[in-house]
Each structure stands twice: as structure tokens, then as C-alpha cells.
Amino acid sequence: NQSLFFTFLTAIVVLLIAFNLLILYAKKKKIKTENTNISLVIWYSTILVPFFLLLKPALNMIENSIELLIFSNSVDNTFISVMEKILIYTGLTFLFTIAIFLLIEKISEYILNKRDVSIEIENNNISYFVFKLIISTLFIYSLLTVYEDFLKWFLPVFNTPFYH
């Protein structure tokens, strides 16, 4: 029950942080969010869909790590160890999301020339943002198993005693 509670709490905090970072990024790019149109929603989706797809295995690893750390007798300070694992997994999720977003930006810049996002949102260029959403989603799906294996490197390891 404790691992589910901490995982749920982590998910809520991480989602709040992600939404606030997305709002700050939109303000930095001078994107007008007062009048919501379809292209703005799709632009948000190009960032949030990869984030959610990467967050799912990270939350799974957080839950597994918490269970292992709670029931371990060899950990001195369980709370600090749990917080360390939560920060590692959520930090990697943010890092991979940003890396994939920047990579998709470069790919779309290469294929569709350099375009200003704020102008495309004002012009309601839905096809441009749907293209970016499809590319980012397919790219995430192709790398999801590699990402999960990478996250497993950070699972806590304990020596199990074998008695003869």
C-alpha cells in the first residue's frame, strides 16, 4: 500500500511540474494561449504524449524500487533511498522527453524547413502539428523498450543470502 501511495503521489507531483514547465515554455516561445484552437492542443500533445508514454515505465520502476527498499533490511535510511530513486526516474523521464522533443524539432526542421511555432499556431496549421505528433509518438514507441531496459539499470540490488 505504501508503494502505491508514493507512486500515486509522485505521479501527481510530476504531472504538475510537467504542466507548469510546458506553460513556461509556451510563454518563452510567445505562444498565445488565450484563444485555444486545435493546433495549440495538438502542439501540447506533441510534448505531453511522449512524456506520458515515458512516465508509465518510470512509475512502474518507482513502485518496484519502493517495494524493494521498504522490505530490505540492508538499507539504512529508507526515505532517502526512496526519494533518490524517485528523483532518478522522474529526472530521466524529463531528460528523455526534452531530448526527444528537440530531436523531433530538428527532424521537422530538416523535412519541413524552419518554421516558427507561434506563427503556425496562429495560422491554425493542423497538418504541421499532426505530423510532429505522429513522428514523436512513433519515435517513442520504437524506443520504449530500450528506455525501459535503461531504467532497470537503476533498480536497487540486494545480495540474497544462500544457506547450505
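Ala, Val, Leu, Ile, Met, Phe, Trp, Tyr, Cys and Pro are counted here as nonpolar, Asp, Glu, Lys and Arg as charged, and the others, Gly among them, as polar. On this basis, the lining of the largest pocket in the predicted model comprises eleven nonpolar residues, one polar residue and no charged residues. Elements α1, α2 and α3 each give two or more residues to its lining, and the largest share, five residues, comes from α3. Among the lining residues are Leu22, Tyr25, Phe51, Phe94 and Phe101.

The second largest pocket has a volume of about 240 Å³. Of the 13 residues lining this pocket, Lys29, Glu105, Glu109, Lys114 and Arg115 are the closest to its centre. Its lining contains seven charged, five nonpolar and one polar residue, with α3 again giving the most, six residues.

The largest nonpolar core consists of 25 residues, and those with the most contacts inside it include Phe51, Leu54, Tyr89 and Ile140. At least two residues of this core are supplied by each of α1 (2–28), α2 (38–70), α3 (78–112) and α5 (126–152); α2 gives the most, with ten. Beyond its neighbours within four places in sequence, Ile140 is in contact with Pro50, Leu53, Leu54 and Ile100. A second, separate core of 14 residues includes Leu22, Tyr44, Ile121 and Phe129.

Helix α1 has 27 residues and reaches 39 Å from its first C-alpha to its last, close to the 39 Å expected at 1.5 Å a residue. Its buried residues include Thr7, Val14, Ala18 and Leu22, and what covers the buried residues of α1 includes α2 and α3. Just after α1, Lys30 adopts a positive phi of about 60°.

Conventions
Residues are numbered from 1 along each chain as its sequence is written. This is a predicted model: local features need pLDDT of at least 70, side-chain atom pairs count only at pLDDT 80 or more; totals for chains, interfaces and linings use all residues. Side-chain values use heavy atoms; hydrogens and water are left out. A nonpolar core is a set of buried Ala, Val, Leu, Ile, Met, Phe, Trp, Tyr and Cys residues joined through side-chain atoms within 4.5 Å. Buried means under 20% relative accessible area, exposed over 50%, partly exposed in between (1.4 Å probe, protein chains only). Helices (H or I, at least four residues) and strands (E, at least two) are DSSP runs, numbered from the N terminus. Contact means heavy atoms within 4.5 Å. The expected span of a helix is 1.5 Å times one less than its number of residues. On a 1 Å grid over the protein atoms alone, a cavity is a set of points where a 1.4 Å probe fits but cannot get out, and a pocket is an open set with protein on both sides within 12 Å along at least five of seven lines; lining residues have an atom within 4 Å of a point. Grid points are joined across faces, edges and corners, and a volume is the space filled by probe spheres set on the points.
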